[in-house]
Amino acid sequence: MKDAEPTLTPTEPAPAEHVLVLPGHLFFIETINAPIDLEPAEIADFIELSLESIAPFPVDQLNWGFLYNQDAPTILVYATHRDRLKQAGYTELQSYAWVLPDFATLTGACFPDETLVTLQSDNNLSLLLFDKGASVPRTVLVTSLEDGDFDQALKELMANAPDLPKSVATLGVRTGAIELSEQGLAIFNQESADDSHSAIEYGAWTTLAPTEAQLWQSDVRSADFKVTERNARRLGSLLMRITAWAAIFALVLVGIEMLLLASQA
């Protein structure tokens, strides 16, 4: 599958060093059971087959990603139609370093107790229920905050989630600054949206640095694009290392030559 060529004028430039965080309400979200004998190399193919049965559109028309951990019994899958992203002004997906929904910025978060996280971004509110010690949320519910009424949006989400536990630790989080490491991996700096964390000793959610594998899983661009881009980045990194070592070797040779000239003098 390949991302279609953009047909609309992008809302803003898309520098390669940036991370594009998409509003979570643009996606439909499903939790599927992970087969016990599922090999890591088979995950993407398994999810693509699963999407063919649960998605209302053909898979080749979707942008999709997933959150998965080998220790988790379930996989969180999310997808959206490409036309929906275009209509929202997101057309230059190929130009960004990483492209993922806002709730995926909590990739790698893990809590010592069952925890309900409210994640607030500029125009989106997400509810994520994490089981004790789990790094993949069991439930994710998302709604738009276009009206700006956080309390009303939260009430509506809670009303649509009768299976949420009545007594559970809660944590209010707001998406903060996003950085790229020297290796080009995204680092998500979360902020407290209220004082809900004061009674609970949490810290693992404040700065999250997912692995390269986790970022490619959560990225919503097409499988073909991700394979090509991943290979290109690895080749670029290899060439940079070769260039750096060549420069060091050249400096060493210059230094030796200077020492020889000095000894002859």
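1. Two strands count as paired if DSSP finds at least two bridges between them. With that in hand, the structure can be read strand by strand. The model is predicted.

2. Strand 7 covers residues 124-130, and strand 6 and strand 7 run antiparallel to each other over six bridges. One of the residues involved is Thr115, whose bridge partner in strand 7 is Phe130.

3. Which strand runs parallel to strand 6? Strand 9, residues 169-180, does, and six bridges join strand 6 to strand 9. Here Leu119 has Val173 of strand 9 as its bridge partner.

4. Is strand 6 mostly covered or uncovered? Strand 6, residues 115-120, is mostly covered, with five of its six residues buried.

5. Strand 8 is joined to strand 7 in the antiparallel sense by six bridges. Leu125, for example, has Thr143 in strand 8 as its bridge partner.

6. Phe103 deserves a point of its own. Phe103 sits in the loop between strand 5 and strand 6. Its relative accessibility is 0%, so Phe103 counts as buried. Setting aside neighbours within four places in sequence, Phe103 is in contact with Gly24, Ile29, Leu76, Tyr78, Leu119, Ser126, Leu128, Val140 and Val142. As for Val140, which is 37 residues from Phe103 along the chain, the C-alpha atoms of the two are separated by 8.2 Å.

7. Aromatic rings come next. The count of aromatic pairs is five. Why is the pair of Tyr78 and Phe103 called edge-to-face? The ring centres of Tyr78 and Phe103 are 5.2 Å apart and their planes stand at 85 degrees, so the pair is edge-to-face; the cut-off for that class is an angle over 60 degrees. This pair links distant parts of the chain, with Tyr78 in strand 4 (residues 74-81) and Phe103 in the loop between strand 5 (98-101) and strand 6, 25 residues apart. Tyr78 and Phe103 are both buried. Ring pairs also bring in Phe27, giving a cluster of Phe27, Tyr78 and Phe103.

8. The last topic is empty space. In general, rolling a probe the size of a water molecule over the atoms shows where empty space is left. How many cavities of 30 Å³ or more does a search of the whole structure find? The search finds two. The second largest cavity holds about 70 Å³ of space.

9. The second largest cavity is lined by Phe66, Leu67, Tyr68, Asn69, Thr107, Gly108, Ser135, Val136, Pro137, Gln214 and Gln217. Strand 3 (62-67) and helix 4 (212-218) are the elements that give two or more residues to this lining. Sorted by class, the lining of the second largest cavity has five nonpolar residues, six polar residues and no charged residues.

How values were computed. Residues numbered from 1 in each chain as written. Predicted model: local features only at pLDDT ≥ 70, side-chain atom pairs only at ≥ 80, totals over all residues. Heavy atoms only, no water. Buried < 20%, exposed > 50% of the residue type's maximum accessible area, 1.4 Å probe, protein only. Helix = DSSP H or I, 4+ residues; strand = E, 2+ residues; numbered from the N terminus. Phe/Tyr/Trp six-rings, centres within 6.5 Å; stacked < 30°, edge-to-face > 60°. Contact = heavy atoms within 4.5 Å. 1 Å grid on protein atoms, 1.4 Å probe; cavity = no way out; pocket = protein on both sides within 12 Å on 5 of 7 lines; lining within 4 Å. Points joined across faces, edges and corners; volume = space filled by probe spheres on them. Nonpolar A, V, L, I, M, F, W, Y, C, P; charged D, E, K, R; others polar.
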